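The sequence and the model come first, and notes on selected parts follow.

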Amino acid sequence: MTPCCRILIPCRSNSFRGLPLKKTHNSFSTNSSNFRLNFGENVIFTATHLVFWALEGSSIGPRSCFVCQIHLGNNLGFQGIAMVSTLLGASKRGFHVIASVASDFRNYSTSVENWLMTRTLERIMFSGGLNVKPLVVEKIDLEHAKNGQHVNDEKVESGRRSPIGTVAANDPNDKLPLNYDQVFIRDFIPSAFAFLLKGEKEIVRNFLLHTLQLQDLEVITFPFFFGEGWEENVAELLAFAKYSRVGRKLWTVTVQARLTPASCSCETALDDNKYEEVLDPDFGESAIGRVAPVDSGLWWIILLRAYGKITGDYGLQERVDVQTGIKLIINLCLSDGFDMFPSLLVTDGSCMIDRRMGIHGHPLEIQALFYSALRCSREMLSLDEGSKSLVNAINNRLSALSFHIREYYWVDMKKINEIYRYKTEEYSTEATNKFNIYPEQIPRWLMDWIPEEGGYLIGNLQPAHMDFRFFMLGNLWSIVSSLGTPKQNEAILNLVEAKWDDLVGLMPLKICYPALESEEWRVITGSDPKNTPWSYHNGGSWPTLLWQFTLACIKMNRIELAKKAVDIAEKRLRVDQWPEYYDTRYGKFTGKQARLYQTWTIAGFLSSKMLLENPEMASLLFWEEDYDLLEICVCALKKSGRKKCSRGAAKSQILV
């Protein structure tokens with residue numbers, strides 16, 4: 001059997017049937033007399049957004065459409081992120097259901113027989129395996145849907161609808177959506193946190209499993225001799241491998257590396273003389289700049305851990321396919337190369353800043369996510385003979401990475417003055433200026449900008465190069481993951497408070513500071529017309545960073561800062577129709593090319609509100625200092641640079 005599903009994306013094709021949505025004073029309605037969503041009294045804003053729905057079974061045709069409604073009540077809380085209704089009708093501009101490849105994950109066994117994967121050159125298909133239970137579709141009662149309630153009791157034959165993600169944006173006036181009608185891994189993270197905090201776990205579980213199956217495969221085929229009981233011995237390998245028999249005991253095994261896609265869209269493919277619409281992952285081959293996303297796999301692991309912490313469903317982490325997926329992602333990140341640093345080497349455009357912005361090398365954002373993913377993996381991996389070496393490698397990398405970032409990325413008044421007096425061309429393990437940094441690299445703006453109390457982690461470090469720009473996501477996630485020391489984490493928030501106008505301004509939060517201008521902008525960005533000074537990634541303000549700022553503030557007991565930022569955003573976001581980003585030095589104007597009704601803008605705001613209402617939930621999502629790492633810290637604390645440091649030495653020199 002070849003299971004398939006349906007997903008919902010916005011479209012403007014007149015070859016399908018659907019209904020346009022018309023905005024009224026307090027509702028979104030259609031021209032169908034039997035469909036109207038009313039939101040009651042005191043509802044000050046409603047934003048209609050789309051959720052990808054996986055429908056196993058093909059009986060639901062393209063005339064059905066499912067809309068997920070996110071709306072805010074009188075307290076701007078999260079009141080119904082998954083309100084679902086069914087639309088029937090016709091229009092040239094509307095929504096329609098299209099097909100994808102999926103499976104009933106809940107009915108899957110983790111045995112090898114039920115989890116074999118194949119790949120073609122053009123697309124990815126998955127076998128349904130054996131013993132798959134009959135598929136059903138949930139029928140939604142419109143009256144209950146209007147009230148924001150789910151109806152799960154009544155079933156209909158032939159396929160089960162399963163939500164698997166949210167589209168990036170749903171601007172009804174956007175005539176050229178580009179890839180904003182796709183499901184992005186990084187964009188879904190704040191949506192996933194919002195769902196989890198509300199108790200809606202199904203969509204997050206399905207997202208984790210679907211994107212796991214969409215990961216890229218690099219094929220290596222080799223012969224292998226199997227004896228008796230081979231299935232049990234290599235079950236974990238075969239969970240992500242294709243095998244074929246050559247002789248009585250000789251098989252060929254195909255092993256795959258793991259690369260997580262940036263996003264997925266829907267394409268039509270020919271299979272067995274039948275046209276079928278399938279989920280098509282984008283690994284960067286369609287992206288601007290053609291850069292593979294490094295952060296997608298790291299976010300996937302972080303979300304997997306958060307799912308278990310909040311829901312208590314640790315069975316998902318223990319599945320053979322999920323365990324193998326974790327190992328393959330981490331092994332890919334830990335693979336040997338020519339780079340000598342413990343930080344992860346990447347190119348420009350490999351993360352949230354997905355255009356040329358001079359962040360190639362070892363950008364802080366990736367290092368913070370890498371550190372988090374390593375800690376998550378160590379926490380979730382099943383301890384057995386096959387994972388011991390990987391866990392040891394993770395521990396070694398964690399200790400080296402934490403020391404490297406804390407020691408060499410940190411700047412405050414004291415450190416800047418030290419760099420100002422650096423001697424260059426030092427050669428030895430005892431050199432003070434280990435990376436041959438020239439004091440002239442310290443920018444003039446930094447000398448006057450850095451406060452007496454406070455500091456931050458710089459954006460990048462490479463031989464003879466320090467990027468002194470302040471990058472918000474990397475610094476916030478360093479707090480959340482405890483990549484920084486407790487005192488450093490406190491100092492980062494002190495800096496944000498001291499430089500509130502520059503980093504928060506009229507709309508939280510500045511993605512980086514300061515912006516590249518004049519000749520520097522021309523050379524570094526290649527004269528990028530979208531990353532003009534104080535716009536987009538070049539000093540633009542991104543409201544989606546609110547949830548990470550809130551999480552960091554709650555961890556450091558600075559809730560008043562988070563509330564202040566959320567209050568600023570609350571006054572403008574709904575009025576401005578939830579744009580992707582804001583322009584100008586202080587975030588005064590809506591971004592010149594910003595999409596409206598941006599999903600992660602809405603989800604980031606909702607997540608922040610829920611975290612502030614239930615700050616105890618935040619403790620499930622951040623990490624405390626790991627003193628065991630200091631016990632095994634292989635750092636440069638000794639003059640030789642090759643000795644293990646004791647916990648006492650590590651505390652005295654790192655926790656400062």
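## Terms and basis

A residue is called buried under 20% relative accessible area, exposed over 50%, and partly exposed in between (1.4 Å probe, protein chains only). This is a predicted model, in which local features need pLDDT of at least 70, side-chain atom pairs count only at pLDDT 80 or more, and totals for chains, interfaces and linings use all residues. Residues are numbered from 1 along each chain as its sequence is written, and side-chain values use heavy atoms, with hydrogens and water left out.

## Confidence

The predictor's confidence in each residue is given as pLDDT, from 0 to 100. The chain has a mean pLDDT of 75, with 65% of its residues at 70 or more.

Residues 1-159 stay under 50 in pLDDT, and the model has 420 contacts for them beyond four places in sequence. A contact means heavy atoms within 4.5 Å. Residues 635-656 also stay under 50, with 49 such contacts.

## Nonpolar core

A nonpolar core is a set of buried Ala, Val, Leu, Ile, Met, Phe, Trp, Tyr and Cys residues joined through side-chain atoms within 4.5 Å. The largest one has 147 residues, and L303, Y456, W477 and F549 have the most contacts inside it. Leaving out residues up to four places away in sequence, L303 touches residues including F188, I189, A192 and F193.

## Loop around A464

Helices (H or I, at least four residues) and strands (E, at least two) are DSSP runs, numbered from the N terminus. A464 lies in the loop between strand 22 (456-462) and strand 23 (465-471). With a relative accessible area of 30%, A464 is partly exposed.

Beyond its neighbours within four places in sequence, A464 contacts F435, N436, I437, Y438 and Q441. A464 and P439 are 25 residues apart in sequence, and their C-alpha atoms are 9.9 Å apart in space.

## Backbone geometry

Most residues other than glycine have a negative phi, and most peptide bonds are trans. P508 and L509 are joined by a cis peptide bond with omega about 0°; L509 is in the loop between helix 15 (500-503) and strand 24 (512-513). Another cis peptide bond, with omega about -5°, joins Y513 and P514, and P514 is in the loop between strand 24 and helix 16 (518-525).

S518, in helix 16, has a positive phi near 55° and counts as exposed at 61% relative accessibility. S527 has a positive phi of about 60° and sits in the loop between helix 16 and helix 17. At 33% relative accessibility, S527 is partly exposed.
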